[in-house]
Amino acid sequence: MVARKRNADINSFSTQIKGDWKYFNSSDYNYRFNLKNGYFARWGKLLDDDPSYSCFGPEIADIEISTICGGIVSSDDVNGIHCPYCYKSNTDKGKNMAFGFFKKIIERINTNNQLTQVAFSLGATGEENPDLWNMCVWLRDQNIIPNGTVANVTEETAKKIAAHFGACAVSNHFLTAVNGNNLCYDNIERLSDAGMKQVNIHYVIARESLENAFQVLQDIKVDKRLKGLNALVFLSLKPKGRALNNDFHQIDPDKFIDLIRTALSMNISIGFDSCAFPIFAEAIEDLPNRTKLLMMAEGCESFGRFSLYINVDGRCFPCSFCENEASWGKGFDLLATDFMEDIWNSREFGEGRKILLKNNGTCPVFKI
């Protein structure tokens with residue numbers, strides 16, 4: 001057991017590992033996290049209490065360890081296709097975060113031993129940063145679970161992912177130059193065959209991808225390559241990066257709602273990025289199991305609530321979409337500041353939290 005007292009205005013707390021479980025206990029903020037299957041439950045003073053944020057630091061960190069992405073490669077040898085809707089706009093020219101620098105970042109943000117997971121921002125193949133696997137081993141030694149998203153991996157990389165990640169998502173790229181569904185499904189099967197238990201599909205929802213999304217729902221029911229799929233996760237199209245320079249458009253909420261209801265009616269496991277929470281809540285408004293579904297969903301966790309984004313240079317933002325936005329600029333230099341005082345409890349993060357809580361989790365930066 002590790003017990004610390006941060007300062008006079010924060011009650012004493014403890015973290016504890018029991019078997020596959022990590023427990024965080026304090027008077028007003030508590031959680032339990034399963035290190036093996038990712039189950040997570042959070043509560044406040046009472047079990048029915050729902051804390052508005054973690055005063056001890058982020059539960060999840062989204063860390064960009066590479067800005068390199070050579071694009072996707074299809075089975076018919078079409079090379080280097082960069083997704084025209086990528087909000088990061090990464091190319092095959094970029095930089096990697098060094099292992100030593102990565103360790104310093106984790107140690108800085110995990111001051112209270114409260115961190116549960118790290119979501120790696122990777123390139124298409126997952127092998128862009130050669131230090132990735134050392135990072136994974138070290139994280140697990142700290143009882144922190146690594147996760148990531150890829151697009152096209154080799155059998156060898158799939159085995160590494162299965163050995164090191166808690167969960168892995170495969171992006172489905174609805175591109176005309178490749179069969180995006182087949183490319184995605186082949187990689188789902190590859191990861192499942194390698195022993196990966198929690199494999200998801202990440203699917204960006206846009207007007208241009210909506211029709212194919214319904215096809216994916218049908219395929220989940222019949223395509224044997226998807227027998228090991230955990231969930232289909234819908235991502236909101238962000239008006240940022242290459243999506244601004246190409247012909248991609250956000251869909252009308254009623255069409256998104258129709259997609260959600262169709263998936264639920266087919267008994268397909270689905271998920272969302274937290275940006276889409278308000279639409280999801282509206283989609284299930286009339287369902288008899290609405291309360292149960294809402295318990296498994298959560299609005300935006302950024303702006304110092306429960307998650308944090310750190311880019312390859314070690315600069316902090318409320319989330320990855322805020323990077324280079326006018327209101328956030330270059331963000332906070334993590335290693336040059338007192339993280340808890342100057343970032344997590346900063347005026348900027350605090351104001352963002354207030355807006356999120358006031359507007360039911362609606363993004364204060366983008367219209368989604």
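## Packing of helix α3

In this predicted model, the buried residues of α3 pack against α2 (132–141), β8 (145–150), β9 (167–171) and α4 (180–193). Those buried residues of helix α3, which spans residues 155–164, are Thr157, Ala158, Ile161 and His164. They lie on the same side of α3 because they cover an arc of only 140° around the axis. An α-helix has 3.6 residues a turn, so residues three or four places apart point the same way.

The face of α3 turned away from the buried side holds exposed residues: Glu155, Glu156, Lys159 and Ala163.

## Strand β11 and its pairing with β10

β11 pairs with strand β10 (residues 199–205) in the parallel sense, over 7 bridges. Within this pairing, Val199 stands opposite Leu229 in β11.

Helix α5 (residues 210–222) belongs with these two strands: β10, α5 and β11 make a right-handed β-α-β unit.

## Pairing of β11 with β12

β11 is also joined to strand β12 (residues 270–272), by 3 bridges, and β11 and β12 run parallel. Here Val233 stands opposite Gly271 in β12. From β11 the chain passes through helix α6 (residues 253–265) to reach β12, and this β-α-β crossover is right-handed.

Notes: Residues are numbered from 1 along each chain as its sequence is written. This is a predicted model: local features need pLDDT of at least 70, side-chain atom pairs count only at pLDDT 80 or more; totals for chains, interfaces and linings use all residues. Side-chain values use heavy atoms; hydrogens and water are left out. Buried means under 20% relative accessible area, exposed over 50%, partly exposed in between (1.4 Å probe, protein chains only). Helices (H or I, at least four residues) and strands (E, at least two) are DSSP runs, numbered from the N terminus. The arc is that of the directions from the helix axis to the C-beta atoms. Contact means heavy atoms within 4.5 Å. Two strands pair if DSSP finds at least two bridges between them. A crossover is right-handed if, with the strands pointing away from the viewer, the path from the first strand over the helix to the second runs clockwise.
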